Amino acid sequence: MPWVAEMYRLAAAIVGVEAADDVTQDALLDAWRGWSRMRDRARVRPWVRAIVANRAKKHLRAQRSRPRLIAVAPDELFLDLRSSRVTPDHAVVIADRQRLDGAFERLSADQRVCVALHYSLDISVAEIARALGVPEGTVKSRINAGITRMRAALEGEER
């Protein structure tokens, strides 16, 4: 399937890199098993995205509390999110990433899926709605609620 890398990125955005391989593989197996029930072959890509999103939500429910690990390459320079400058100080970048990950983990599975599809894969609200089988307003609401909740979590940490 030509979009396996995209499906992996979606899974990684929702469940984290450490579980993305398993979620992607399970989703592709589900797609393979369900291929005979696929009616509109022109809509395969959104159909597979929906399967990945559903598998990711299932994984999140099963693994509610888990630590997220961040791989750090020792010789790389990092972008400091606070000042938009390149810095060799890994601690600042790791701390920022952990804050974002912590805020993202506070989202419901439905919010994570919508936020990840929209911001990680740059998929339109209309496409997300079609893939998930929900109204566009529901997708917009989930994205807005997710971003609002992440902002509140991040602002709460700064105080």
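At 0% relative accessibility, Ala27 counts as buried, where buried means under 20% relative accessible area, exposed over 50% and partly exposed in between, computed with a 1.4 Å probe on protein chains only. The model is predicted, so that local features need pLDDT of at least 70 and side-chain atom pairs count only at pLDDT 80 or more, while totals for chains, interfaces and linings use all residues. Residues are numbered from 1 along each chain as its sequence is written, and side-chain values use heavy atoms, with hydrogens and water left out.

Ala27 has its place in helix α2, which covers residues 17-34; helices (H or I, at least four residues) and strands (E, at least two) are DSSP runs numbered from the N terminus. Not counting residues up to four places away in sequence, Ala27 touches Ile51, Val52 and Arg55, a contact being heavy atoms within 4.5 Å. The C-alpha atoms of Ala27 and Arg49 are separated by 8.8 Å, although these residues stand 22 residues apart along the chain.

Is Glu6 buried or exposed? Glu6 is buried, because its relative accessible area is 10%. The side chains of Glu6 and Arg45 are joined by a polar contact of 2.4 Å, that is, a pair of N or O atoms within 3.5 Å, of which, within protein, one must be able to donate a hydrogen and the other to accept it, and residues adjacent in sequence count only if both atoms are side-chain atoms.

| Residue | Helix | Relative accessible area |
|---|---|---|
| Ala27 | α2 | 0% |

Turning to the whole protein, there are 7 helices and 2 strands, and from the N terminus on the elements run α-α-α-β-β-α-α-α-α. Of the 159 residues, 40% count as buried. Among contacts between residues at least 6 apart in sequence, 60% join residues at least 24 apart.

The lining of the largest pocket consists of 13 residues, of which Ala13, Arg97, Asp101, Phe104 and Ser120 lie nearest its centre. On a 1 Å grid over the protein atoms alone, a pocket is an open set of points where a 1.4 Å probe fits, with protein on both sides within 12 Å along at least five of seven lines, and lining residues have an atom within 4 Å of a point. Helices α1 (4-15), α4 (90-105) and α5 (109-120) each give two or more residues to this lining.
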